[in-house]
Amino acid sequence: MSRRIIIDPVTRIEGHAKISIFLDDSGSVADAWFHVAEYRGFEKFCEGRPLAEMAGITARVCGICPVSHLLASVKAADRILAVSIPPAAVKLRRLLNLAQIVQSHALSFFHLSAPDLLLGFDSEPTKRNIFGLASSDPETARGGIRLRQFGQEIIEALGGQKIHPAWVAPGGVRGPLSAERRTYLQGRLPEAISTVQRALGLMKQLLDRYPEETQSFGNFPTLFLGLVGPEGVWEHYDGFLRITDSTGNIVADGLDPARYQDFLGEAVETWSYLKSPYYKPLGYPDGIYRVGPLARLNICSRLDTPLADRELSEYRQRVGGAATSSFYYHYARLIEILTSLERIGRLLDDPDVLSLRYRARAGINQLEGVGCSEAPRGTLFHHYLVNEDGLIQKVNLLIATGQNNLAMNRTVAQIAKHWIRGPDIPEGVLNRIEAGIRAFDPCLSCSTHALGRMPLVIEVRDSRGTLLGTRRRDATS
Amino acid sequence: MEKKTWLIIGIGNELAGDDALGRQVVESLAKKALPGVQILSLPQLTPEMTEHLRCYEQVIFVDADVSGQEVALRPLASEGIRQPFSHLWSPQAILALLEMTTGSVPQAWLATLPARDLGFGKSRNEFGAELVAEAVRLIEVLIESQTATPRHLDEATRTVGSGTSK
């Protein structure tokens with residue numbers, strides 16, 4: 001008799017989703033789906049709005065990564081204005097994006113995933129949260145809080161507020177960094193670097209503690225996609241797209257993000273509001289690819305900052321070249337925080353961040369524009385078509401979490417097949433299935449919002465939909 | 001670290017009707033420029049707030065309360081809070097997290113104002129100004145009492161009727 005297991009909602013992720021696991025007649029996992037269950041419709045209701053409003057509107061897609069949407073949006077608008085923005089504006093935007101990567105990665109690692117990693121996947125669920133972490137390792141918990149705070153302080157110093165700063169604009173930014181704020185941020189940088197270096201030390205110990213999870217959490221070959229700069233250096237704001245395979249070979253390089261529709265397709269499944277992008281030359285679903293920290297470290301030649309490059313070298317030795325296990329997202333995320341902090345230090349030392357030449361102004365000069373940047377979770381595309389008056393005619397948002405959709409589904413299936421044995425499913429196994437999703441740090445706020453006090457419910461049903469059993473736990477983790 | 005004296009945090013969404021009452025209170029207090037008092041006006045509390053709180057000796061949270069019937073001001077403790085990560089951090093949870101990560105917490109109070117309508121838009125509460133004024137008065141009495149005699153503290157932390165019933 002076939003059965004279906006539902007995990008609804010998935011906890012400690014940004015947004016709302018559920019997981020369905022289908023068992024065959026023998027009780028083995030036949031398939032698994034990761035559903036994004038809510039619809040928001042930004043692409044539709046933006047139609048008719050003025051181009052100048054798009055950054056402000058699309059930033060509201062999310063409260064965690066509004067900066068990413070701001071940057072992709074204004075880059076699309078730059079194209080439509082056909083402007084080359086001032087060098088100071090590029091540096092200030094880069095500083096903003098690096099701060100966003102720091103604060104978002106810190107949230108993912110220290111607040112959402114560290115409870116699993118440091119307390120154990122089978123630890124008491126009521127303690128498997130930031131309070132449990134603070135109780136067992138207050139230094140790590142507080143370090144994570146302060147690290148995220150540092151990223152947010154940079155965003156606030158530039159944009160006036162931590163969330164939804166209306167500071168990035170088509171053609172540049174709305175103001176420079178103040179000298180006073182720069183001095184303050186420079187003073188906080190050493191502590192932030194020390195925090196992430198300590199976390200990296202912990203992470204390396206954890207790899208030895210979780211060999212089975214490393215092997216079963218989304219460990220399969222896919223393509224990897226992201227931006228790279230000159231000589232293939234790690235990039236987060238500009239550059240060209242590179243695609244590599246799971247052995248590290250470059251499949252495609254120097255791809256213009258503005259032509260993404262030539263090589264990326266967007267499939268739609270009936271059971272999720274999240275799109276399923278794929279690499280067109282390999283078709284659907286064989287064109288599965290991953291984006292985000294894991295992909296960015298796989299595709300780049302180097303990070304181009306000394307401390308992080310040393311970590312990258314060790315990382316590649318540990319993972320054996322190109323990382324194929326999604327468990328390594330956590331490790332990659334910490335290395336990205338480190339290189340981001342080093343780059344922040346460079347930018348803070350650059351006099352251009354105080355420059356008063358920070359914005360180019362122009363009217364509508366083209367009717368189409370694509371903006372692309374690296375959000376913390378992966379490559380983000382904003383694609384706008386406007387009319388002669390600058391009113392939006394069409395919008396397409398290709399979001400990082402969507403590009404990981406196929407891989408997240410396969411990860412859920414792999415973990416379920418590895419860990420589920422028989423009808424009794426321990427809580428720790430359910431947590432591993434959720435943790436497999438958390439490794440990607442999905443931001444489902446891009447299609448929904450609000451993470452509240454939600455229960456975890458598993459229903460076991462036979463093939464006719466008859467409820468065979470229910471397991472519930474309160475969302476205390 | 002030399003600690004500052006008072007931090008008053010107004011919490012609420014300015015586009016969710018009465019939810020903004022707490023922020024209106026701290027905006028009124030900001031205009032008074034009380035000596036030794038720092039004001040923060042926030043849409044919500046986040047874990048990073050612990051790093052602000054540890055710099056102060058006393059903190060007052062000001063928030064709207066849908067279950068409240070009157071303006072109230074009461075001492076706040078951190079005990080027994082084990083809230084999972086979410087977008088909804090209570091003042092007690094923030095204090096608990098601060099205590100666990102630093103080993104100490106400031107003396108804390110919670111001022112609440114009764115909320116009726118949390119619908120989209122500005123607050124249309126006809127008693128809003130009265131509620132805000134009452135909360136401001138209670139907070140001023142509390143601050144004054146902390147630098148005066150214990151008797152004033154009792155007065156400051158009592159619950160005060162607001163006359164908001166229709």
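How many helices and strands make up the secondary structure of chain B? Here are a few notes on this predicted model, starting with that count.

1. Chain B has 5 helices and 7 strands. Read from the N terminus, its elements follow the order β-β-α-β-α-β-β-α-β-β-α-α.

2. A few totals for chain B may be handy. Its 166 residues include 51% that count as buried. The accessible surface is about 7,700 Å², and carbon and sulfur atoms hold 51% of that area. Among contacts in chain B with a separation of 6 or more, 74% are between residues 24 or more positions apart.

3. Do have a look at B:Glu51, which sits in helix 2 (residues 49–53) of chain B. Its relative accessible area is 5%, so B:Glu51 counts as buried, the cut-off being under 20%. The side chain of B:Glu51 makes a polar contact with the side chain of A:Arg146 at 2.5 Å, and another with that of A:Arg142 at 2.8 Å. Setting aside neighbours within four places in sequence, the residues in contact with B:Glu51 are A:Arg142, A:Ile145, A:Arg146 and A:Gln149.

4. Over in chain A, strand 9 (residues 264–267) and strand 10 run antiparallel and are joined by 4 bridges. One of the pairings is between A:Ala267 and its bridge partner in strand 10, A:Ser276.

5. Which way do the residues of strand 10 (residues 276–279) of chain A point? A:Ser276 and A:Tyr278 point one way, A:Pro277 and A:Tyr279 the other, and all are buried. In a regular strand, side chains alternate between the two faces of the sheet.

Technical notes:
Residues numbered from 1 in each chain as written. Chains lettered and ligands numbered in written order. Predicted model: local features only at pLDDT ≥ 70, side-chain atom pairs only at ≥ 80, totals over all residues. Heavy atoms only, no water. Buried < 20%, exposed > 50% of the residue type's maximum accessible area, 1.4 Å probe, protein only. Helix = DSSP H or I, 4+ residues; strand = E, 2+ residues; numbered from the N terminus. Pairing = 2+ DSSP bridges. Polar contact = N/O pair within 3.5 Å; in protein donor to acceptor, adjacent residues only side chain to side chain. Contact = heavy atoms within 4.5 Å. Areas by Shrake-Rupley, 256 points an atom, 1.4 Å probe, with all protein chains shown as cover.
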